[in-house]
Amino acid sequence: MSDAPLLTVRNLRVVYPSDEGDFRAVRNVSFTLGRERLGIVGESGSGKSTTGRAIMGLVPEPGRVEADLLRLGDTDLRTLNERGFRKLRGKRIAMVLQDPKYSLDPVMTVGRQIAETHRHHFRSSAKQARAAALEMLEAVHIRDPERVYTQYPHQVSGGMGQRIMIAMMLIAGPDLLIADEPTSALDVTVQHQVLAIMDEQVRKRGMGLILISHNLHLVSSFCDRVLVMYAGQIVESCKAAHLSEAQHPYTRGLLAALPELGHRRLVLPQLQRDPAWLEDVAPLTDATP
Amino acid sequence: MITLENVSVAYGTGARRVLAASDVSLHVTPGEAFGLVGESGSGKSTVLRAVAGLIAHAEGRIVLAGQEMGRRRSTATRKMVQMVFQDPYGSLHPNQTVDQILSMPVAIHRLGDADRRVATALREVGLGREHRFRYPHQLSGGQRQRVAIARALILQPRILLLDEPTSALDVSVQAEILNLLTRLRRDHGLTMLMVSHDLAVIAHLCERIGVMSRGELLELTTADALASGTVTHPYTKQLLRSNQGFDPSSVDIDATPAA
């Protein structure tokens, strides 16, 4: 892992104002990301997706994003307006979402969608963009790029759709890929193919990857490092391979609640939520290492 | 309790006829929990729906509690076989309260005494009186799935069909629902037929398991065999590997995904 971190997040807060006071969706989340694969796990509503969206500048009004530090390379993301973010998205950070059925434009062929991204970021000619898109489709192991180029999203399978998404996201050569539940809508065998393709590209291009998922096994076997989120906070951070030895009672409770092949229990231990887990963890200060 | 003999289910006619399930045979004894695993399009849900009587089977015999199922089912048969669906967000009527949702089957089957039955069913699935007059959107995913289970149980069925009952739920909620199903099966002597893509979930609840792919039942195995890895069919072995987490060395990137 090289010197300067790709992404630095310090005390990230996302707040949605409401009649009953502010709802704090993300509370003082801090981490740095190098050229590695970082997993964020947690249950629905834990703030893992909101964290990813905040980095992309995609938290909708009236939501507020605050942070002591939010830097991508040498760019301060806190000062960017919508225009600034639009230049950044695709070119430097890209995001793959759960279901390609909803994230691809249904009335445009997939080839044109990928080429459009290239034209937008490089002001390339139609011919150059087409060539780049075909090359990218091949890079994500699509066997017949020419044919797939002319297809519409409804004509491709879920696994193929996700490969197309990855191709589109990587064509402008971003440094950071945020994948939010990229394989949850897919069958297990296809899931692993898509992950392998993503892994191959991320390694080849020396990118950073944030994988957001609820699937503990998947994250621990795929990523280098894992952050566990609960109620908007990071409650634990550890090496992915050591997730099974997690310390926090929430992580331990989640792991225990998973049914396991070869370890059949009559009754699964149910997670007992401790109100203490909701208490604010101390924000990072300059004094903390 | 459940016997399928060479059951086939087809959609469409003529040249567009597709066999969604072909030649499936299995036998489930009373009180047993039997699981069907497979990927999307494998025909596992089709088999479940044929047993439920939601779709007609084209060939073969379906025998439930000693009675052969024909084109039409009697009210008594329908009462005996109840189903819980995957998505508790889609399977409950959004404009009806829990009380109305649970009273409906009681009225249809003219059981009477709806008030007491609803109260009992709610208690049984671990919901309180405060949930009775709420609408589905006022409940969490786990609570909704409990309502769906209560709706099935209120008719006191002998067979419970489960279509991916926990795949839309968080891990901690999944554990609660699985524990609930285990308890209900024991207390009521229910026979269960469950469909899932998750090997660990199905092996947790079921003793015997059928593996399906492309409409065919490839292998009949047991939870113990899955646990020890002593399965015979290559497809089952592949599923088993996939369920053990991501391992780049075992992935064939260029393999065509099963249609």
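This is a predicted model: local features need pLDDT of at least 70, side-chain atom pairs count only at pLDDT 80 or more; totals for chains, interfaces and linings use all residues.
**View 1. Thr3(B) stands opposite Val63(B) in strand 4 of chain B.** Residues are numbered from 1 along each chain as its sequence is written, while chains are lettered from A in the order in which they are written. Strand 1 (residues 2–11) and strand 4 (residues 59–64) of chain B run antiparallel and are joined by five bridges, where pairing requires that DSSP finds at least two bridges and strands are DSSP runs (E, at least two residues), helices being H or I runs of at least four, both numbered from the N terminus.

**View 2. Strand 1 of chain B is joined to strand 2 (residues 18–28) of chain B by seven bridges, the two running antiparallel.** Leu4(B) has Leu26(B) as its bridge partner in strand 2 of chain B. Six residues lie between the strands of this hairpin, in which Gly12(B) takes a positive phi near 80°.

**View 3. Chain A contributes 35 residues and chain B 32 residues to the contact.** Residues are in contact if their C-beta atoms, placed from the backbone, lie within 7 Å. On the side of chain A that touches chain B, helix 8 of chain A gives the most, with nine residues.

**View 4. Ala167(A) touches Ile114(A), Met136(A), Leu137(A), Ala139(A) and Val140(A), leaving aside residues up to four places away in sequence.**

Notes: Two residues are in contact if their C-beta atoms, placed from the backbone, lie within 7 Å.
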